[in-house]
Amino acid sequence: MKLKKVIEELNLFERERTPMEIKILGIATYIQTSSTRRTAKILSEFYPISHTAIWKWIKKLEKRLPISTEKKKRDLIALDETVVKANKKRYFVYSAVDVERNELMKVYPTRNWLVTKSFVKEVLNYCENKPKFIIDKAPWL
């Protein structure tokens with residue numbers, strides 16, 4: 001399932017003042033940088049946004065889909081990527097979700113073979129075992 005669809009189904013955002021693509025890119029950037037201020041600075045290249053708005057998005061997301069930061073035994077992980085368009089550029093956001101715990105494990109904001117390999121290796125760092133992966137028909141996954 002595409003990350004955009006998951007976020008829409010979680011019904012996290014009541015208002016649509018900021019485009020959904022910017023919110024997804026903001027969440028992905030925050031997960032990579034762990035800084036709302038740095039994320040706001042990066043996103044301000046595309047769309048004016050405050051670090052407080054990003055902090056609110058993350059808090060809403062964590063209520064419904066906690067972000068895992070620890071190594072656990074995991075049996076089934078769903079990997080997916082979605083394209084986000086901002087400022088006439090395309091960004092590929094990878095996501096990994098522990099299906100049984102409904103935990104977001106990792107997000108990456110780009111796509112190529114090296115990034116895919118690095119992404120999967122990083123996801124495995126959160127696993128004590130070798131889980132099965134659920135993927136769509138994306139050949140790079």
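Predicted model: local features only at pLDDT ≥ 70, side-chain atom pairs only at ≥ 80, totals over all residues.

Trainee: Which residues in α2 meet which ones in α3?
Mentor: From α2 it's Ile-22, Leu-25, Gly-26, Thr-29, Tyr-30 and Thr-33, and they meet Thr-36, Arg-38, Thr-39, Ile-42 and Leu-43 in α3. Contact here means heavy atoms within 4.5 Å. By class, that contact has five nonpolar, five polar and one charged residues. Ala, Val, Leu, Ile, Met, Phe, Trp, Tyr, Cys and Pro count as nonpolar, Asp, Glu, Lys and Arg as charged, and the others, Gly among them, as polar.

Trainee: At what angle do α2 and α3 cross?
Mentor: Their axes come within 9 Å and cross at roughly 135°. The axes are lines fitted to C-alpha atoms, for helices over the stretch in contact, with angles from 0 to 180 degrees between N-to-C directions. That makes α2 oblique to α3 (under 35 degrees is roughly parallel, over 145 roughly antiparallel, 65 to 115 roughly perpendicular, the rest oblique).

Trainee: And what about α3 and α4, how do their axes cross?
Mentor: The axes of α3 (residues 36-43) and α4 (residues 51-64) come within 8 Å and cross at roughly 115°. That makes α3 roughly perpendicular to α4.

Trainee: Which residues meet there?
Mentor: Thr-36, Arg-37, Thr-39, Ala-40 and Leu-43 on the α3 side meet His-51, Ile-54, Trp-55 and Trp-57 in α4. This contact has five nonpolar, three polar and one charged residues.

Trainee: Switching topic: where does Ser-35 sit?
Mentor: In the loop between α2 (20-33) and α3.

Trainee: Buried or exposed?
Mentor: Ser-35 is buried, with a relative accessible area of 17% (buried is under 20%, exposed over 50%, partly exposed in between, with a 1.4 Å probe and protein chains only). A polar atom of the Ser-35 side chain also lies 3.0 Å from the backbone nitrogen of Arg-38.

Trainee: How many helices and strands are in the chain?
Mentor: Five helices and four strands, running α-α-α-α-β-β-β-α-β from the N terminus on. Those are DSSP runs numbered from the N terminus: helices are H or I with at least four residues, strands are E with at least two.

Trainee: And how much of the chain counts as buried?
Mentor: Of its 141 residues, 43%.

Terms used
Residues numbered from 1 in each chain as written. Heavy atoms only, no water. Polar contact = N/O pair within 3.5 Å; in protein donor to acceptor, adjacent residues only side chain to side chain.
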